[in-house]
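Colleague: Hi! Could you walk me through this protein model before I set anything up?

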Amino acid sequence: MSFISVFDVLGPHMVGPSSSHTAGACAIALLAQKMKNGALKEVEFTLYGSFAKTCRGHGTDRALLGGIMGFATDDIRIRDSFEIAKERRIAYRFILDEKETEVHPNTVEIRMISENGTQMTVRGESLGGGKVRIVRINQVQVDFTGEYNAVIIIQKDRPGVAAHITRTLSDQGVNIAFMRLFREAKGETAYTIVESDDRLPEDIAETLLENPNVRDVMLVQQ
């Protein structure tokens, strides 16, 4: 009988021993890397709760690093994510925070630095069964699962921006499944997240950015 590593494929959609601590971790990081601007240079993972406790034992560290490099949850390259990150010259660090308790038990905060100098922080939670939720982008509380194609608009909280977004989506024939606005405070930075059943046009960002109050646009496609 041949030896099977815990990082071998145990099911059709997962590499690793735990749907929460490996598949979920990978899915969070995979979503985060779809939001980054430019090639990844450096990444810092802060793990909380049970994520901090199972970082190595359940392969949470390998899964997070694999996801941030674009590996899906069933990609066997997750087993070699440390070596691949070194080959790609991606600097990485894991911080285990077992003191903070006011968070979901399977929480990770990912700080990404791209080669062009831009930075982004994404916090996600693994909900079990491979399901995840993004709860913070930079300092703004958000809520989306990545189960749909999504466009994330970073904007100033100004009148007319929402109308510009819906008009642009309508003109491009996008069927909106969900549309939600999250903001720091009135008049400050806001995030509009629009989710759709259909794949979003790749050039939609250009039209959305025509509004001077739209700062950035990210497409998170399935």
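Modeller: Happy to; we can start with the overall fold and then look at some individual residues. Keep in mind that this is a predicted model.

Colleague: What share of the contacts comes from residues 24 or more positions apart?

Modeller: They account for 65% of the contacts with a separation of 6 or more.

Colleague: Let's switch to helix 3. Is helix 3 mostly covered or mostly open?

Modeller: Mostly covered: helix 3 spans residues 60-68, and eight of its nine residues are buried. Among them are Asp61, Leu64, Leu65 and Ile68. Just after helix 3 comes glycine 70, with a positive phi of about 95°.

Colleague: Which residues other than glycine have a positive phi?

Modeller: Arginine 89 is one of them, with phi near 60°. Asparagine 138 is another, with phi near 55°. They are worth a look because most residues other than glycine have a negative phi.

Colleague: Where are those two, then?

Modeller: Both are in loops. Arginine 89 is between helix 4 (81-87) and strand 4 (91-97), while asparagine 138 is between strand 7 (131-137) and strand 8 (140-144).

Colleague: Is arginine 89 buried or exposed?

Modeller: Arginine 89 is exposed, because its relative accessible area is 74% and the cut-off for exposed is over 50%. Asparagine 138, at 25%, is partly exposed.

Colleague: New topic: how many aromatic pairs are there?

Modeller: The structure holds four. In one of them, phenylalanine 45 and phenylalanine 94 have ring centres 5.0 Å apart and planes at 15°, so the pair is stacked. Phenylalanine 45 lies in strand 3 (residues 40-48) and phenylalanine 94 in strand 4, so this pair ties together parts 49 residues apart in sequence.

Colleague: Which residues make up the aromatic cluster?

Modeller: Phe45, Phe82, Tyr92 and Phe94 form one cluster.

Note on methods. Residues are numbered from 1 along each chain as its sequence is written. This is a predicted model: local features need pLDDT of at least 70, side-chain atom pairs count only at pLDDT 80 or more; totals for chains, interfaces and linings use all residues. Side-chain values use heavy atoms; hydrogens and water are left out. Contact means heavy atoms within 4.5 Å. Helices (H or I, at least four residues) and strands (E, at least two) are DSSP runs, numbered from the N terminus. Buried means under 20% relative accessible area, exposed over 50%, partly exposed in between (1.4 Å probe, protein chains only). Rings of Phe, Tyr and Trp (its six-membered ring) pair if their centres lie within 6.5 Å; planes under 30 degrees apart count as stacked, over 60 as edge-to-face and the rest as tilted.
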